[in-house]
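Please read the following points alongside the model.

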Amino acid sequence: MYKNSRSGAGRRSGYTVYSSKNHRPPKNRSKGQVIDPARFIKAATASEQIDYVATNSFDDFAMHPLLKANVTSKGYKAPSEIQDKTIAIGLAGKNVVGVADTGTGKTAAFALPVLNNLMRRPGSNAIIIAPTRELAIQIEEQCVLLSKNSGIKMATLIGGMPMGRQIHSLRIGARLIIGTPGRIKDHLNQGTLNLAFCDMVVLDEVDRMLDMGFLPDVRTILGELPGEHQAYFFSATLSNEIKNLINTFCHDPEYVDVKGGETSANVHQDVVRYSGKEEKIELLHEELIKEGNTKTIVFGKTKYGVERLAKELVARGFKAESIHGGKTQGQRKRALEAFRQDRSNILVATDVAARGIDVKDISHVINYDTPQTYDDYVHRIGRAGRAGRAGHALTFVER
């Protein structure tokens with residue numbers, strides 16, 4: 001996998017290691033918009049949820065026996081809708097555009113065919129691009145479990161982690177790269193990553209990458225791939241800009257649309273009206289101590305505001321953690337694990353975490369600061385009301 005940068009000698013497949021040079025990922029370029037508070041008020045739909053009945057079982061798919069064994073040991077029963085409709089297409093080597101919400105099983109939908117091809121084709125390599133560190137880590141964790149005992153080496157390229165360790169992973173023969181656009185581009189700029197032999201690419205949560213201003217970096221990354229490659233694009237929405245990206249880098253894809261409604265039907269949505277900072281924090285306190293508020297994400301606008309709010313809640317006796325771009329990756333990971341394992345029941349977060357939190361028992365999402373766009377609002381409240389449970393979303397609105 002390692003190729004000497006001076007001589008150009010080396011084995012065919014893999015990623016290359018060279019010198020270093022700094023590059024910063026773009027800042028969030030989402031423009032704020034005025035949102036009618038009435039859009040934050042909506043009763044949960046009382047209709048009975050209809051479970052999807054899969055056409056296939058995991059055993060029906062033409063996957064490597066080891067993958068099937070790992071799927072069974074992981075406890076997967078039947079494919080979700082996105083998995084049922086996508087895996088066979090991916091295994092056949094076709095390009096895929098999946099339109100689906102977070103929490104629908106997308107990771108396995110692309111990970112299983114990608115891992116299968118890596119296991120059956122020793123010369124193949126793949127890259128998976130995600131908008132946030134947390135989502136990249138979740139994808140890595142899933143891929144590690146699904147590929148157990150396969151010998152496939154991986155490298156996770158995300159900010160907040162040492163470059164040297166990532167370079168080492170590339171040097172020893174990583175065939176599956178998982179990362180965020182900014183850090184992947186860092187490695188391309190520094191010459192520590194060569195995608196010339198990468199014949200599979202996955203873009204997860206493409207709409208979020210657009211929101212965060214990453215599409216120029218994504219275009220640069222995709223431009224480094226060979227002309228012949230298999231592509232997977234997953235997004236909750238398909239704007240014209242995303243469609244243009246797909247048309248440029250994804251030839252004749254098959255579309256799989258399992259998108260639900262505009263917002264979660266299981267989430268009760270309402271507003272909390274306040275006057276001034278003092279009343280705002282007191283009203284938040286009152287909401288957090290209400291019966292039924294068991295696990296809550298509180299969203300703030302800035303990393304400084306989130307940090308101050310988390311400290312204020314801790315001072316008031318709450319078990320709260322914070323997660324934002326100003327924390328190291330280790331700190332973010334520990335905060336998220338404490339939240340998952342119920343050592344804390346409140347997570348105060350910026351939007352950087354909205355797509356990267358996969359916790360199924362969140363009862364409430366509270367928008368302490370109004371989201372910049374309605375899409376951000378949809379992504380935030382999608383953390384609650386999962387796995388068929390009812391959830392609650394509250395948005396603070398100044399009188």
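1. Which residue takes a positive phi just after α12? D342 does, with a phi of about 65°. Helices here are DSSP runs of H or I with at least four residues, and strands are runs of E with at least two, numbered from the N terminus.

2. This is a predicted model, in which local features need pLDDT of at least 70 and side-chain atom pairs count only at pLDDT 80 or more, while totals for chains, interfaces and linings use all residues. Residues are numbered from 1 along each chain as its sequence is written, and side-chain values use heavy atoms, with hydrogens and water left out.

3. Helix α12 (residues 329-340) has 12 residues and should span 16 Å at 1.5 Å a residue, which agrees with its end C-alpha atoms being 16 Å apart. The expected span is 1.5 Å times one less than the number of residues.

4. N149, in the loop between α4 (133-146) and β3 (154-157), is a non-glycine residue with a positive phi near 70°. N149 counts as exposed (over 50%) because its relative accessibility is 67%.

5. D252 sits in the loop between α9 (240-249) and β7 (254-257). Its phi is near 50°, again positive in a residue other than glycine, and D252 is exposed at 62% relative accessible area.

6. A69 belongs to helix α1 (residues 65-74), and its C-alpha atom is separated by 8.8 Å from that of L146, 77 residues apart along the chain.

Methods. Buried means under 20% relative accessible area, exposed over 50%, partly exposed in between (1.4 Å probe, protein chains only).
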